[in-house]
Amino acid sequence: MADDSLASHRRDPIKSSVGNVAAQRRRQNAATVGKERRESLVRAKRLCRVGATGEGDVLVEENHMMTDEEGFLLEDQTSSAVKELKSAVVYQGKGAMQKRVNALRELRRLLSKSEFPPVEAALKAGAIPLLVQCLSFGSPDEQLLEAAWCLTNIAAGKPEETKALLPALPLLIAHLGEKSSLPVAEQCAWALGNVAGEGEELRKVLLSQGALPPLARMVLPNKGSTVRTAAWALSNLIKGPDPKAATELIKVDGVLDAILRHLRKSDEELATEVAWVVVYLSALSNFATGVLVKSDALQPLVERLATSNSLQLLIPVLRSLGNLVAGDSHTTSTVLIPGHEITDGVIKVLVKCLKSDHRVLKKEASWVLSNIAAGSIEHKQLIYSSEAVPLLLRLLSTAPFDIRKEVAYVLGNLCVAPATGEGKPDLIKENLVSLVQRGCLSGFIDLVRSADIEAARLGLQFTELVLRGMPNGDGPKLVEQEDGIDAMERYQFHENEDLRNMANGLVDKYFGEDYGVNE
Amino acid sequence: MEVTQVLLNAQSIDGAVRKNAEESLKQFQEQNLPGFLLVLSGELVNEEKPVETRKLAGLILKNALDAKDQQRKVELVQRWLLLDGNAKSQIKAGLLKTLTSPVSDARSTASQVIAKVAGIELPHKQWPELIGSLLSNVHQLPAHAKQATLETLGYLCEEVSPDVIDQDQVNKILTAVVQGMSSSEVNIDVRLAATRALYNALGFAQANFSNDMERDYLMRVVCEATQSPDVRIRQAAFECLVSISSTYYEKLAPYIQDIFNITAKAVREDEEPVALQAVEFWSSICDEEIDILEEYGGDFTGDSNIPCFYFIKQAILALVPMLLETLLKQEEDQDQDEGAWNIAMAGGTCLGLVARTVGDDIVPLVVPFIEENISKPDWRQREAATYAFGSILEGPSPEKLIPLVNVALTFMLTALTKDPNSHVKDTTAWTLGRIFEFLHGSAVDTPIITQANCQQIITVLLQSMKDTPNVAEKACGALYFLAQGYEEVGPSSPLTPFFQEIVQSLLTVTHREDARESRLRTAAYETLNEVVRCSTEETAPLVLQLVPVITMELHNTLEGQNLSSDEKEKQSELQGLLCGCLQVIIQKLGSSESTKYAFMQYADQIMGLFLKVFACRSATVHEEAMLAIGALAYATGPDFAKYMPEFYKYLEMGLQNFEEYQVCAVTVGVVGDICRALEEKIVPYCDGIMTQLLKNLSSNQLHRSVKPPMFSCFGDIALAVGEYFEKYLMWAMSALQSAAELSTHTAGDDELIEYINTLRNGILEAYSGIFQGFKNSPKTQLLIPYAPHILQFLDGIYMEKDMDDVVMKTAIGVLGDLADTLGSHAASLIQQSVSSKDFLNECLSSEDLMIKESAEWAKLAITRAISV
């Protein structure tokens, strides 16, 4: 250390070898070439608006005019396409079917072409009744597919445009049935998923028209994009807030099994959509939650969490797990029994999530842990002795606010015994002392300073534990060292009565006139 | 455990004993960290223990507090902070006690450990009494303890940042250090320790340097120390002056005359380590003034905080002769020794910096020296004259230099062929290279290379490539810059008639037996590359003929089997040069349709060779081969898909290799190249690539310079695959969002601000790519939820007012892309953003055409979005 820290200044000699510079320049040149090509590609894309026609090199000024023209053109084309469809629908002569399909295909192409699909123009020209007519029973698959596709694109539009689909819903639902070909059923499910995603009102309509059972049956097979689309549409359909649909779904024959099977075995993309279904089932319906817990749904969720690295999958799976733990006390008391393999598995995957770099995972994992930590003494000790505690301690001092708050719940729960009745909760002194020694108090005092009432209460409650519970009456000193008095005194005139009383009470009791007299 | 014995065993020459001891130390550490550290500090403090175990105990203690690896370091710091308070106090007490030990090694080890502990604890406001207790009785201490205390203060200043120590303590430290340095201190070791400590403490002395009295005093003590009888003290004192010259440039005016006298004396009379530092002082002043004058940009209303004092301009009459004298003190074989550094080399380097600082003014001061010495019988004089000439070719104006060069050129060419001394020839060839680098090319009005002398120049340079390796290497360098000057020469190049001969000569050089000496082979291949790169259409058939030649060479490197590690290294180096050469050839031939077509017949064969080059290594990928593949991807376009199944694993390997971050960065660039070549055909490989990119980004070991290109790479992928990117959207957006949050605000030095701007640019390029990729797809609505944050980011960086032009251009483009892709969905959000008004207007009135163009496009897109 002594030698290298004082190593003499040494600059590059002016007379240097060409090789050094040249190789570096060559490398930079390669990077520059890449950068230039990226820029020209982006430029070309910016200038090219409708379709890929290869007319990239138009000047910006001209492009403006062209674009307006093209937008206008597109609307114009759409109106004529609808007109064309109208004449194809009434035409009964030779090649009528092909004529209809061609007209539908043209309309579908126009509706998929631009980022501003000319939905309004299509609606204005009267597309919906024609499309509904094209969905009539007995129509050839190709026609059904194209019509449903047009409707899918219209449903993806603005809310009022989505509502325009109302007359088409019964037929779209009808084509979900077993007699339909898979591509047709899938396209209809897609359209319906878009409609269901629009809002509560349309969901109610769809449910009352019986969309749920056929969609539910579509998730029963083992694999395929149809299953995935149906699962996605279902998750949109049961979003609530009314829990009825969720309860109804879990009662459909075979759905529970299919969900568990997909969670266990399917590819990650399908499992992701299914996990979202489970999220809404467990968030909304107590009945569904109960059924899932009793059917060991925890096991596949834990396995997915342990083995997958797909964030898209991990988020719904973790939230499902959390819902199951939080939503049903049965989960913690009879399934997650300390000592059981599944319990260790849960803790392990939660630790994995705490270690992740993604804030949603960290936050949700803390939330799940806080629910488990609210359980029995054994649950608390299990978490306490796990790898989670050092991670939580670190998060408490470094993580963003929303995560810290969840973490504080966990740590707080670890220090109090399960509620037995009235009065202040009993302490678990051992845990409290050790967590405080490991530096958690400052994190809680920080929460006391927070503007968030819930977090502040949590901070105060923990401060109370420290004041009351640290041995040798060390509590007040520790709180003072962390500027806790100052933090509590801010509540002197706080508008929230509850917090004000709590804080003032603590200051009076522990830092009253006698405080410090003995020192 | 008897720790002394274990520590002795850990240094045993018997491998088994040593391993055993290391194992038990490790176990002890894992089982009981506080106990372990206590025992070590106990060993270190114990005067009855052997010096080697005390030293080792201290070393292990130090390694338990700090590590090179950043993640490990954070862990160690956490562990120490969580350690039991009693144990820590005991350890620290032991360390402080060791400072008074009669055993010098023990003291020195303790000094370093104390600094490490301080580095951890002081920022946490722990161990507040440390500095006080170190300084409390420093005057009464015996010399050896005083020396250790000062050494500790020095290390401490090196470990902790200035904001952690309050001014009062800084004052006390400086007082103690300066007293230790002063002539009243009789003990040499104490004075040396104090001088070295001051070097580290200078960064803490901002306030003291703003106070005239204190600064005068500090400067006086440092200047006094440069006159010490002890050479180590003189050297350390000059190092302090060098550090002051860059940290406190603007405070130097009152002292510069004295410093000149001191440095001039040292340069002329003192021992080399001291003289080198004295020269370095002036080089460092040049650095400062070049920076300041660059920021002025010729316009004195510039917003640089520090004015230029023109120290160099004022000193040149004395400074230049002093530097010229040093040029005559060459070492005999310095040209053969790559690591050489001596007073002549430092002097010439400084002279070059002075020329860049003062420009034309230096020329009349150097020309007489050149004229007087250039024809002298003593080689030292001829070499020094040539070296002086070569050094001043950057800085002065071409008008001033070209008349000189026109006179000198013939002389130089003769010297290069006829001078009996290799050192002179070496410097002559280098000077020719400098002439071509700075005074030849389309930017210079009067050409120095004409039809009349071109042939002679080339003949001489090619001839010199047969000279000794160092001379040949410099001749290659001269040819390199000669070719570069004709880069934009038009459809016909003056080099065309010589092209074949030049290429042949360079290839011959690469085959010389001694081509590995003086980096000759590297220079020859890089020169060949430059000749190819700057060649014109006329010689395209000849470049095409090079393909089978270089390909064969590369094929030959694959022959050897069971190579020793030395041979493997040689093989890999040669493969690198050949891949680099192919990279340039592919770029050249791929850039025009006619030659590309002819080249394509070799593509399969070349790609096959690149894959074999990769296969030569087990764990790492060959960076140069990777670069060459990027070029090949552009040339082949979508057809590159056929190579992907085999190539993919190496691509992944390169992405995984973030320890060698340059390899990783190059690979990320190649992913972009391949995206543009393959477009949607990249889809099957996207899962793997995206997974690896996201994994890298979440690692805290990733070198920060690779992050911006990785983000740009998201954009490349999205542009290539369009709506298929949906799969990665949530991940990518969340990674971008957290990086965006971090990079909205910049706080720090220029280097950090520059980095943050690169990072912003990468993030913005990703957003552009994603928006443009999704455009015209039915899934654009997926992007709507991200719009508020992206607009917030744009507003945020606009408000910070510290983005550079590149970021500005990309940022305003993103605003347009967002409007373009989301249209009316984002209309109200866009209207609410500051970016869509103030920022856009600022860009519309920018003088930078690229920014203006992007802004006009954005305005158009916004108008459309709002009007729908």
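Predicted model: local features only at pLDDT ≥ 70, side-chain atom pairs only at ≥ 80, totals over all residues.
**View 1. Helix 2 of chain B packs with helix 3 of chain B.** Two packed helices are described by the angle between their axes and the distance between the axes. Helix 2 covers residues 15-31 of chain B, and helix 3 covers residues 33-45 of chain B. Helices here are DSSP runs (H or I, at least four residues), numbered from the N terminus. The angle is about 125 degrees, and the axes are 5 Å apart. Axes are lines fitted to C-alpha atoms over the stretch in contact, and angles run from 0 to 180 degrees between N-to-C directions. Angles under 35 degrees count as roughly parallel, over 145 as roughly antiparallel, 65 to 115 as roughly perpendicular and the rest as oblique. Helix 2 of chain B contributes B:L25, B:F28, B:Q29 and B:Q31 to the contact (heavy atoms within 4.5 Å). Helix 3 of chain B contributes B:L33, B:G35, B:F36 and B:V39. By class, 5 residues of this contact are nonpolar, 3 are polar and none is charged. Ala, Val, Leu, Ile, Met, Phe, Trp, Tyr, Cys and Pro count as nonpolar, Asp, Glu, Lys and Arg as charged, and the others, Gly among them, as polar.

**View 2. Helix 13 of chain B crosses helix 14 of chain B.** Helix 13 (residues 212-225) and helix 14 (residues 231-247) of chain B cross at roughly 140 degrees, and their axes come within 8 Å. This pair is therefore oblique. B:M219, B:V222 and B:A225 of helix 13 meet residues of helix 14, including B:I233, B:R234 and B:L241. The contact has 8 nonpolar residues, no polar ones and 1 charged.

**View 3. Chain A meets chain B.** The contact takes 58 residues from chain A and 87 from chain B. About 6500 Å² is buried between the chains, and carbon and sulfur atoms give 54% of that area. Buried area is the accessible area (1.4 Å probe) that two parts lose on being put together, summed over both. A:R11, A:K15 and A:R46 supply 13% of the area that chain A buries against chain B, more than any other three residues.

**View 4. Salt bridges link chain A and chain B.** The interface holds 13 salt bridges. Each is a side-chain nitrogen of Lys or Arg within 4 Å of a carboxyl oxygen of Asp or Glu. A:R27 pairs with B:E623, with the closest N and O atoms 2.9 Å apart. B:K809 pairs with A:E39 at 3.0 Å. That pair runs from helix 39 (residues 805-822) of chain B to helix 2 (residues 18-47) of chain A.

**View 5. Confidence in chain A and chain B.** Chain A has a mean pLDDT (confidence in each residue, from 0 to 100) of 79. Residues 1-7 of chain A have pLDDT below 50. Chain B averages 92.

Methods. Residues numbered from 1 in each chain as written. Chains lettered and ligands numbered in written order. Heavy atoms only, no water. Helix = DSSP H or I, 4+ residues; strand = E, 2+ residues; numbered from the N terminus. pLDDT = per-residue confidence, 0-100.
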